Amino acid sequence: MKKIIKNGTIVTASDTYQAEILIEDGKIVQIGTNLSAIGAEVIDAKGCLVFPGGIDPHTHLDMPFGGTVTKDDFESGTIAAAFGGTTTIIDFCLTNKGEPLKNAIQTWHEKSKDKAVIDYSFHLMISEINDKVLNELPQVIHDEGITSFKVFMAYKNVFQSDDETLFKTFVTAKELGALVMVHAENGDVIDYLTKKALAEGKTDPIYHALTRPAELEGEATGRAARMCGLADSQLYVVHVSCAEAVKQITEARKKGFNVWGETCPQYLVLDQSYLEKPNFEGAKYVWSPPLREKWNQEVLWNALKNGELHTFGSDQCSFDFKGQKELGRGDFTKIPNGGPMIEDRLTILFSEGVKKGRISLNQFVDLVSTRAAKLFGLFPKKGTIAIGADADIVIFDPNIERVISAETHHMAVDYNAFEGMKVIGEPVSVLVRGEYVIKDKQFVGKPGSGQYLKRAKFNMNAPIHQNETLSI
Ligand SMILES: [Zn+2]
(Lines give C-alpha, C1' and ligand atoms only; values in the text may rest on other atoms or scores of the structure.)
Protein backbone atom coordinates (compact mmCIF):
# COMPACT_ATOMS: atom_id res chain seq x y z
CA MET A 1 0.00 0.00 0.00
CA LYS A 2 1.31 3.39 -1.01
CA LYS A 3 0.88 6.51 1.06
CA ILE A 4 1.56 10.12 0.14
CA ILE A 5 2.01 12.89 2.68
CA LYS A 6 0.94 16.24 1.25
CA ASN A 7 0.86 19.87 2.35
CA GLY A 8 3.28 19.50 5.26
CA THR A 9 6.59 21.15 6.06
CA ILE A 10 9.42 18.63 6.05
CA VAL A 11 12.05 19.17 8.73
CA THR A 12 15.36 17.33 8.92
CA ALA A 13 18.50 18.01 10.94
CA SER A 14 19.67 20.31 8.14
CA ASP A 15 16.67 21.54 6.13
CA THR A 16 13.13 22.87 6.36
CA TYR A 17 11.06 22.83 3.17
CA GLN A 18 7.69 22.18 1.59
CA ALA A 19 7.38 18.91 -0.31
CA GLU A 20 5.41 15.71 -0.64
CA ILE A 21 6.64 12.32 0.50
CA LEU A 22 5.71 9.12 -1.29
CA ILE A 23 5.90 5.92 0.75
CA GLU A 24 5.92 2.41 -0.65
CA ASP A 25 6.68 -0.90 1.05
CA GLY A 26 7.63 0.86 4.25
CA LYS A 27 10.26 3.10 2.63
CA ILE A 28 10.39 6.68 1.44
CA VAL A 29 10.59 6.32 -2.35
CA GLN A 30 10.10 9.88 -3.57
CA ILE A 31 10.28 13.42 -2.22
CA GLY A 32 9.10 16.27 -4.40
CA THR A 33 6.19 18.34 -5.58
CA ASN A 34 3.19 17.25 -7.63
CA LEU A 35 4.14 13.61 -7.21
CA SER A 36 1.96 11.16 -9.02
CA ALA A 37 0.55 8.72 -6.57
CA ILE A 38 -2.21 6.76 -8.21
CA GLY A 39 -3.82 4.47 -5.67
CA ALA A 40 -1.95 5.96 -2.75
CA GLU A 41 -3.64 6.89 0.50
CA VAL A 42 -3.33 10.65 0.90
CA ILE A 43 -2.29 12.00 4.28
CA ASP A 44 -3.02 15.70 4.55
CA ALA A 45 -0.38 17.31 6.78
CA LYS A 46 -1.61 20.88 6.32
CA GLY A 47 -0.31 23.14 9.06
CA CYS A 48 1.91 20.37 10.39
CA LEU A 49 5.60 19.62 10.56
CA VAL A 50 6.75 16.33 9.05
CA PHE A 51 9.95 15.01 10.58
CA PRO A 52 11.76 11.71 11.10
CA GLY A 53 10.47 9.55 13.95
CA GLY A 54 12.19 10.15 17.24
CA ILE A 55 14.98 7.82 18.30
CA ASP A 56 15.20 7.44 22.04
CA PRO A 57 18.68 6.12 22.80
CA HIS A 58 18.03 5.64 26.52
CA THR A 59 15.18 3.56 27.91
CA HIS A 60 14.72 1.02 30.67
CA LEU A 61 11.57 -1.00 30.04
CA ASP A 62 10.59 -4.05 32.09
CA MET A 63 13.77 -3.63 34.10
CA PRO A 64 14.31 -5.04 37.60
CA PHE A 65 15.68 -2.47 40.04
CA GLY A 66 15.80 -2.23 43.84
CA GLY A 67 13.59 -5.25 44.49
CA THR A 68 10.89 -4.15 42.06
CA VAL A 69 10.41 -3.87 38.28
CA THR A 70 9.76 -0.76 36.17
CA LYS A 71 6.04 -0.19 35.69
CA ASP A 72 6.22 0.26 31.94
CA ASP A 73 7.12 -2.77 29.87
CA PHE A 74 7.80 -2.99 26.13
CA GLU A 75 4.10 -2.74 25.36
CA SER A 76 2.94 0.23 27.44
CA GLY A 77 6.36 1.88 27.08
CA THR A 78 6.50 1.72 23.30
CA ILE A 79 2.84 2.73 22.93
CA ALA A 80 3.54 5.81 25.06
CA ALA A 81 6.72 6.44 23.05
CA ALA A 82 4.72 6.34 19.80
CA PHE A 83 2.14 8.81 21.15
CA GLY A 84 5.06 11.09 21.86
CA GLY A 85 6.55 10.78 18.36
CA THR A 86 9.26 8.20 19.01
CA THR A 87 9.55 5.34 16.51
CA THR A 88 12.75 3.63 17.69
CA ILE A 89 14.12 3.00 21.15
CA ILE A 90 17.42 1.55 22.30
CA ASP A 91 16.92 -0.18 25.64
CA PHE A 92 19.57 -1.26 28.12
CA CYS A 93 20.07 -5.02 28.40
CA LEU A 94 21.31 -5.76 31.91
CA THR A 95 23.89 -8.50 32.47
CA ASN A 96 25.00 -10.42 35.54
CA LYS A 97 28.60 -11.23 36.33
CA GLY A 98 29.44 -14.80 35.35
CA GLU A 99 26.38 -15.18 33.15
CA PRO A 100 26.89 -15.66 29.40
CA LEU A 101 26.03 -12.43 27.57
CA LYS A 102 23.82 -14.32 25.16
CA ASN A 103 21.53 -15.38 28.03
CA ALA A 104 21.04 -11.76 29.08
CA ILE A 105 20.33 -10.73 25.49
CA GLN A 106 17.87 -13.62 25.14
CA THR A 107 16.04 -12.38 28.24
CA TRP A 108 15.69 -8.93 26.65
CA HIS A 109 14.43 -10.43 23.38
CA GLU A 110 11.77 -12.29 25.35
CA LYS A 111 10.71 -9.13 27.17
CA SER A 112 10.27 -7.22 23.92
CA LYS A 113 9.43 -9.38 20.94
CA ASP A 114 5.65 -9.80 21.28
CA LYS A 115 5.11 -6.43 22.85
CA ALA A 116 6.96 -3.62 21.09
CA VAL A 117 4.85 -1.47 18.74
CA ILE A 118 7.85 0.48 17.41
CA ASP A 119 11.33 -0.64 16.37
CA TYR A 120 13.93 -1.31 19.00
CA SER A 121 17.49 -2.31 19.69
CA PHE A 122 19.62 -2.98 22.75
CA HIS A 123 22.72 -1.58 24.42
CA LEU A 124 24.65 -4.15 26.43
CA MET A 125 25.70 -3.51 30.02
CA ILE A 126 29.29 -4.54 30.69
CA SER A 127 29.92 -5.59 34.28
CA GLU A 128 33.22 -7.44 33.82
CA ILE A 129 35.90 -7.84 31.17
CA ASN A 130 37.52 -11.29 31.23
CA ASP A 131 38.42 -13.92 28.65
CA LYS A 132 34.89 -15.28 28.52
CA VAL A 133 33.41 -11.84 27.87
CA LEU A 134 36.14 -10.97 25.35
CA ASN A 135 35.43 -14.18 23.47
CA GLU A 136 31.72 -13.49 23.37
CA LEU A 137 31.68 -9.81 22.42
CA PRO A 138 32.58 -10.19 18.72
CA GLN A 139 29.58 -12.51 18.39
CA VAL A 140 27.34 -10.03 20.20
CA ILE A 141 28.33 -7.40 17.66
CA HIS A 142 28.10 -9.67 14.63
CA ASP A 143 25.00 -11.73 15.47
CA GLU A 144 22.98 -9.24 17.47
CA GLY A 145 24.17 -5.94 16.01
CA ILE A 146 24.71 -4.59 19.51
CA THR A 147 27.39 -1.95 19.03
CA SER A 148 27.20 0.05 22.23
CA PHE A 149 28.29 -0.99 25.71
CA LYS A 150 27.17 0.57 28.99
CA VAL A 151 29.37 0.85 32.05
CA PHE A 152 28.19 2.15 35.43
CA MET A 153 30.60 4.20 37.57
CA ALA A 154 27.92 4.40 40.29
CA TYR A 155 25.50 2.11 42.16
CA LYS A 156 28.15 0.49 44.34
CA ASN A 157 27.61 -3.23 44.94
CA VAL A 158 24.84 -3.29 42.34
CA PHE A 159 25.89 -2.19 38.85
CA GLN A 160 29.15 -0.34 39.52
CA SER A 161 32.34 -1.31 37.68
CA ASP A 162 35.86 -0.37 38.73
CA ASP A 163 38.20 1.80 36.64
CA GLU A 164 40.11 -1.22 35.35
CA THR A 165 36.92 -2.67 33.87
CA LEU A 166 35.98 0.70 32.39
CA PHE A 167 39.39 1.20 30.84
CA LYS A 168 39.43 -2.33 29.40
CA THR A 169 35.96 -1.66 27.97
CA PHE A 170 37.32 1.42 26.17
CA VAL A 171 40.20 -0.61 24.74
CA THR A 172 37.90 -3.44 23.68
CA ALA A 173 35.31 -1.11 22.16
CA LYS A 174 38.02 0.59 20.13
CA GLU A 175 39.11 -2.79 18.71
CA LEU A 176 35.61 -4.05 18.01
CA GLY A 177 33.90 -0.86 16.78
CA ALA A 178 31.52 -0.10 19.64
CA LEU A 179 30.56 3.05 21.50
CA VAL A 180 31.10 3.09 25.28
CA MET A 181 28.24 4.63 27.26
CA VAL A 182 28.96 5.67 30.80
CA HIS A 183 26.81 6.51 33.81
CA ALA A 184 29.24 9.03 35.27
CA GLU A 185 28.95 9.52 39.02
CA ASN A 186 31.54 8.60 41.64
CA GLY A 187 29.81 5.63 43.27
CA ASP A 188 32.35 5.12 46.05
CA VAL A 189 32.03 8.62 47.43
CA ILE A 190 28.25 8.56 47.01
CA ASP A 191 28.20 5.32 49.01
CA TYR A 192 30.11 7.01 51.82
CA LEU A 193 27.92 10.14 51.82
CA THR A 194 24.75 8.05 51.72
CA LYS A 195 25.70 5.90 54.71
CA LYS A 196 26.72 9.01 56.63
CA ALA A 197 23.39 10.72 55.93
CA LEU A 198 21.36 7.71 57.02
CA ALA A 199 23.44 7.39 60.21
CA GLU A 200 22.56 11.02 60.96
CA GLY A 201 18.86 10.26 60.55
CA LYS A 202 18.60 12.10 57.22
CA THR A 203 16.12 9.86 55.43
CA ASP A 204 13.92 12.17 53.29
CA PRO A 205 14.01 12.13 49.46
CA ILE A 206 15.99 15.40 49.29
CA TYR A 207 19.01 13.58 50.74
CA HIS A 208 19.12 11.51 47.58
CA ALA A 209 20.19 14.70 45.79
CA LEU A 210 22.37 16.03 48.58
CA THR A 211 24.43 12.81 48.76
CA ARG A 212 25.11 12.86 45.02
CA PRO A 213 26.57 16.35 44.48
CA ALA A 214 27.33 17.69 41.02
CA GLU A 215 31.08 17.59 41.75
CA LEU A 216 30.90 13.79 41.75
CA GLU A 217 29.23 13.73 38.35
CA GLY A 218 31.83 16.14 37.00
CA GLU A 219 34.68 14.13 38.50
CA ALA A 220 33.44 10.83 37.03
CA THR A 221 32.72 12.43 33.64
CA GLY A 222 36.25 13.83 33.51
CA ARG A 223 37.75 10.50 34.62
CA ALA A 224 35.85 8.58 31.94
CA ALA A 225 36.77 11.14 29.28
CA ARG A 226 40.47 10.93 30.16
CA MET A 227 40.41 7.14 30.04
CA CYS A 228 38.62 7.34 26.69
CA GLY A 229 41.27 9.73 25.39
CA LEU A 230 44.10 7.53 26.64
CA ALA A 231 42.61 4.51 24.87
CA ASP A 232 41.83 6.63 21.78
CA SER A 233 38.36 5.17 22.09
CA GLN A 234 34.86 6.66 21.99
CA LEU A 235 32.61 7.77 24.84
CA TYR A 236 28.96 8.70 25.13
CA VAL A 237 28.07 10.20 28.50
CA VAL A 238 24.44 9.41 29.34
CA HIS A 239 22.08 11.74 31.22
CA VAL A 240 24.31 14.78 31.72
CA SER A 241 22.58 16.80 34.46
CA CYS A 242 24.85 19.68 35.43
CA ALA A 243 27.39 22.35 34.52
CA GLU A 244 30.25 20.36 36.12
CA ALA A 245 29.75 17.50 33.64
CA VAL A 246 29.22 19.74 30.60
CA LYS A 247 32.53 21.42 31.39
CA GLN A 248 34.37 18.09 31.36
CA ILE A 249 32.82 17.04 28.06
CA THR A 250 33.68 20.37 26.46
CA GLU A 251 37.29 20.20 27.67
CA ALA A 252 37.69 16.62 26.43
CA ARG A 253 36.35 17.55 23.02
CA LYS A 254 38.73 20.50 22.84
CA LYS A 255 41.55 18.01 23.31
CA GLY A 256 40.19 16.07 20.35
CA PHE A 257 38.76 13.18 22.34
CA ASN A 258 35.78 11.36 20.86
CA VAL A 259 33.27 12.28 23.50
CA TRP A 260 29.55 12.98 23.16
CA GLY A 261 26.95 13.91 25.76
CA GLU A 262 23.26 13.27 26.23
CA THR A 263 20.82 15.14 28.43
CA CYS A 264 17.21 14.38 29.30
CA PRO A 265 13.91 16.29 29.65
CA GLN A 266 13.89 16.29 33.45
CA TYR A 267 17.17 18.19 33.79
CA LEU A 268 15.96 21.00 31.52
CA VAL A 269 12.65 21.61 33.24
CA LEU A 270 12.73 20.31 36.82
CA ASP A 271 15.16 21.09 39.63
CA GLN A 272 16.35 19.91 43.01
CA SER A 273 13.55 21.69 44.90
CA TYR A 274 11.08 19.08 43.58
CA LEU A 275 12.63 16.53 45.92
CA GLU A 276 11.41 18.61 48.85
CA LYS A 277 7.72 18.27 47.98
CA PRO A 278 5.65 17.35 51.04
CA ASN A 279 3.98 14.03 51.83
CA PHE A 280 6.87 12.05 50.39
CA GLU A 281 5.96 13.30 46.89
CA GLY A 282 9.63 14.25 46.46
CA ALA A 283 10.19 10.55 45.81
CA LYS A 284 8.53 10.97 42.41
CA TYR A 285 11.57 13.03 41.39
CA VAL A 286 14.29 10.68 42.59
CA TRP A 287 16.59 9.55 39.83
CA SER A 288 20.32 9.45 39.24
CA PRO A 289 22.03 11.74 38.60
CA PRO A 290 19.62 13.77 40.71
CA LEU A 291 17.83 16.96 39.71
CA ARG A 292 20.20 19.89 40.17
CA GLU A 293 19.98 23.48 41.31
CA LYS A 294 17.95 25.44 38.78
CA TRP A 295 20.81 27.53 37.41
CA ASN A 296 22.21 24.40 35.72
CA GLN A 297 19.28 24.42 33.28
CA GLU A 298 20.62 27.43 31.42
CA VAL A 299 24.01 25.75 31.06
CA LEU A 300 22.36 22.65 29.59
CA TRP A 301 20.27 24.69 27.14
CA ASN A 302 23.35 26.56 25.98
CA ALA A 303 25.24 23.27 25.59
CA LEU A 304 22.45 21.90 23.39
CA LYS A 305 22.47 25.07 21.32
CA ASN A 306 26.25 25.24 20.99
CA GLY A 307 26.78 21.58 20.16
CA GLU A 308 28.47 20.71 23.46
CA LEU A 309 25.70 18.19 24.15
CA HIS A 310 24.50 16.06 21.28
CA THR A 311 21.48 13.91 22.00
CA PHE A 312 18.29 13.96 24.01
CA GLY A 313 17.34 10.68 25.68
CA SER A 314 14.44 10.03 28.01
CA ASP A 315 16.10 7.75 30.57
CA GLN A 316 12.60 6.29 30.85
CA CYS A 317 12.58 4.23 34.03
CA SER A 318 9.13 4.43 35.57
CA PHE A 319 7.92 3.34 38.98
CA ASP A 320 4.49 3.98 40.46
CA PHE A 321 4.36 6.41 43.33
CA LYS A 322 2.02 4.05 45.18
CA GLY A 323 3.67 0.80 46.15
CA GLN A 324 6.98 1.38 44.34
CA LYS A 325 8.42 4.82 45.13
CA GLU A 326 6.85 4.31 48.56
CA LEU A 327 9.32 1.51 49.25
CA GLY A 328 11.65 4.31 50.29
CA ARG A 329 9.53 5.89 53.03
CA GLY A 330 11.88 6.40 55.93
CA ASP A 331 14.98 5.55 53.85
CA PHE A 332 15.66 7.48 50.65
CA THR A 333 18.13 4.81 49.48
CA LYS A 334 15.20 2.40 49.02
CA ILE A 335 13.32 4.70 46.61
CA PRO A 336 13.55 3.09 43.15
CA ASN A 337 15.52 5.51 40.94
CA GLY A 338 13.89 6.71 37.77
CA GLY A 339 11.02 8.56 36.17
CA PRO A 340 8.44 8.36 33.37
CA MET A 341 9.88 10.35 30.47
CA ILE A 342 9.43 8.35 27.25
CA GLU A 343 6.18 10.00 26.15
CA ASP A 344 6.90 13.70 26.64
CA ARG A 345 10.50 13.78 25.37
CA LEU A 346 9.82 15.42 22.00
CA THR A 347 7.10 17.75 23.21
CA ILE A 348 9.21 19.07 26.09
CA LEU A 349 12.13 19.86 23.79
CA PHE A 350 9.88 21.37 21.15
CA SER A 351 7.80 23.46 23.54
CA GLU A 352 10.58 24.61 25.85
CA GLY A 353 13.34 24.64 23.25
CA VAL A 354 12.05 25.54 19.79
CA LYS A 355 9.02 27.58 20.83
CA LYS A 356 11.04 29.58 23.33
CA GLY A 357 13.80 30.27 20.81
CA ARG A 358 16.52 28.33 22.64
CA ILE A 359 17.25 25.91 19.79
CA SER A 360 16.31 25.77 16.13
CA LEU A 361 13.80 23.39 14.58
CA ASN A 362 16.64 21.60 12.79
CA GLN A 363 18.59 21.24 16.01
CA PHE A 364 15.46 19.77 17.58
CA VAL A 365 15.31 17.05 14.91
CA ASP A 366 19.03 16.40 15.25
CA LEU A 367 18.72 16.06 19.04
CA VAL A 368 15.66 13.82 19.16
CA SER A 369 16.48 11.64 16.18
CA THR A 370 19.27 12.16 13.67
CA ARG A 371 22.32 12.33 15.91
CA ALA A 372 21.34 9.21 17.82
CA ALA A 373 20.86 7.37 14.50
CA LYS A 374 24.38 8.37 13.47
CA LEU A 375 26.09 7.58 16.75
CA PHE A 376 24.34 4.25 17.22
CA GLY A 377 24.67 2.79 13.72
CA LEU A 378 21.13 3.29 12.45
CA PHE A 379 21.70 6.11 9.92
CA PRO A 380 20.47 6.57 7.18
CA LYS A 381 17.89 3.77 7.53
CA LYS A 382 16.60 5.67 10.55
CA GLY A 383 16.89 9.27 11.69
CA THR A 384 16.13 11.28 8.56
CA ILE A 385 13.65 11.96 5.79
CA ALA A 386 15.44 10.76 2.67
CA ILE A 387 14.81 8.49 -0.27
CA GLY A 388 15.49 4.92 0.76
CA ALA A 389 15.08 5.57 4.48
CA ASP A 390 12.46 3.74 6.51
CA ALA A 391 9.21 5.68 6.48
CA ASP A 392 9.33 6.42 10.21
CA ILE A 393 7.55 9.73 10.19
CA VAL A 394 5.90 12.07 12.67
CA ILE A 395 3.18 14.47 11.59
CA PHE A 396 3.34 17.11 14.28
CA ASP A 397 0.98 19.96 15.06
CA PRO A 398 3.29 22.78 16.21
CA ASN A 399 0.56 25.06 17.49
CA ILE A 400 -1.72 22.96 19.65
CA GLU A 401 -1.68 23.85 23.32
CA ARG A 402 -2.26 21.23 25.98
CA VAL A 403 -1.53 20.33 29.58
CA ILE A 404 0.53 17.28 30.50
CA SER A 405 -1.18 14.99 32.99
CA ALA A 406 -1.09 11.41 34.24
CA GLU A 407 -4.83 11.33 33.53
CA THR A 408 -4.24 11.61 29.81
CA HIS A 409 -0.79 10.11 29.30
CA HIS A 410 -0.34 6.59 27.95
CA MET A 411 2.38 5.30 30.23
CA ALA A 412 1.27 2.68 32.76
CA VAL A 413 2.74 4.61 35.67
CA ASP A 414 0.47 6.45 38.17
CA TYR A 415 2.02 9.93 37.97
CA ASN A 416 3.60 12.29 35.48
CA ALA A 417 6.66 14.29 36.53
CA PHE A 418 5.43 17.22 34.40
CA GLU A 419 1.87 17.17 35.80
CA GLY A 420 0.05 20.41 35.03
CA MET A 421 2.71 21.76 32.70
CA LYS A 422 1.41 23.72 29.71
CA VAL A 423 3.10 22.73 26.46
CA ILE A 424 2.77 23.56 22.79
CA GLY A 425 2.92 20.89 20.10
CA GLU A 426 1.74 17.32 19.76
CA PRO A 427 2.17 14.44 17.30
CA VAL A 428 -1.03 13.90 15.32
CA SER A 429 -0.03 10.78 13.42
CA VAL A 430 3.03 8.56 13.63
CA LEU A 431 4.17 6.03 11.04
CA VAL A 432 6.63 3.21 11.56
CA ARG A 433 7.96 1.76 8.31
CA GLY A 434 4.99 3.33 6.51
CA GLU A 435 2.32 1.90 8.80
CA TYR A 436 0.27 3.99 11.19
CA VAL A 437 0.95 3.36 14.85
CA ILE A 438 -0.80 6.57 15.88
CA LYS A 439 -3.50 7.89 13.56
CA ASP A 440 -5.26 11.15 14.42
CA LYS A 441 -4.07 10.78 18.04
CA GLN A 442 -5.46 7.26 18.36
CA PHE A 443 -3.34 4.17 18.84
CA VAL A 444 -3.85 1.84 15.88
CA GLY A 445 -0.67 -0.23 16.15
CA LYS A 446 -0.22 -3.83 17.14
CA PRO A 447 1.95 -5.26 19.92
CA GLY A 448 4.72 -7.33 18.37
CA SER A 449 4.83 -5.26 15.18
CA GLY A 450 8.03 -3.51 16.27
CA GLN A 451 11.16 -4.98 14.70
CA TYR A 452 14.46 -5.68 16.38
CA LEU A 453 17.23 -3.60 14.78
CA LYS A 454 20.77 -4.88 14.34
CA ARG A 455 23.02 -1.85 14.30
CA ALA A 456 26.19 -1.08 12.37
CA LYS A 457 29.54 -0.84 14.12
CA PHE A 458 30.62 2.49 15.49
CA ASN A 459 32.50 4.24 12.74
CA MET A 460 34.41 7.46 13.18
CA ASN A 461 34.20 7.99 9.44
CA ALA A 462 30.42 7.87 9.43
CA PRO A 463 28.86 11.31 9.05
CA ILE A 464 28.80 11.90 12.80
CA HIS A 465 30.60 15.19 12.63
CA GLN A 466 28.33 16.81 10.09
CA ASN A 467 26.16 19.55 11.47
CA GLU A 468 28.10 19.42 14.69
CA THR A 469 27.10 22.99 15.27
CA LEU A 470 23.92 24.13 13.63
CA SER A 471 23.16 27.77 13.59
CA ILE A 472 19.70 29.11 14.22
ZN1 LIG B 1 19.33 5.15 32.48
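**The pockets and the cavities**

Author: By class, the residues that line the largest pocket comprise 10 nonpolar, eight polar and four charged ones; here Ala, Val, Leu, Ile, Met, Phe, Trp, Tyr, Cys and Pro count as nonpolar, Asp, Glu, Lys and Arg as charged, and the others, Gly among them, as polar. The model is a predicted one, in which local features need pLDDT of at least 70 and side-chain atom pairs count only at pLDDT 80 or more, while totals for chains, interfaces and linings use all residues. Residues are numbered from 1 along each chain as its sequence is written, and side-chain values use heavy atoms, with hydrogens and water left out.

The space in the largest pocket is about 550 Å³. A pocket is an open set of points on a 1 Å grid over the protein atoms alone, with protein on both sides within 12 Å along at least five of seven lines; a cavity is a set where a 1.4 Å probe fits but cannot get out, and lining residues have an atom within 4 Å of a point. Grid points are joined across faces, edges and corners, and a volume is the space filled by probe spheres set on the points. Of the 22 residues that line the largest pocket, Tyr155, Val158, Thr194, Arg212 and Thr333 are the closest to its centre. Helix 5 (residues 187-199) gives the most to this lining, with five residues; helices (H or I, at least four residues) and strands (E, at least two) are DSSP runs, numbered from the N terminus.

The second largest pocket has a volume of about 290 Å³. Its lining has 18 residues, and the closest to its centre are Leu94, Thr95, Asn96, Met125 and Phe159. Here helix 2 (residues 101-112) gives the most, with four residues. By class, this lining has eight nonpolar, six polar and four charged residues.

Five cavities of 30 Å³ or more are found in a search of the whole structure. The largest cavity has a volume of about 160 Å³. Among its 17 lining residues, His60, Tyr155, Ser288, Asp315 and Cys317 lie nearest its centre. The lining divides into eight nonpolar, seven polar and two charged residues.

As for the fold, an open sheet of eight strands has the order 8-11-12-13-14-15-16-17, with parallel pairing; two strands pair if DSSP finds at least two bridges between them. Its edge strands, each pairing on one side only, are strand 8 (54-59) and strand 17 (311-312).
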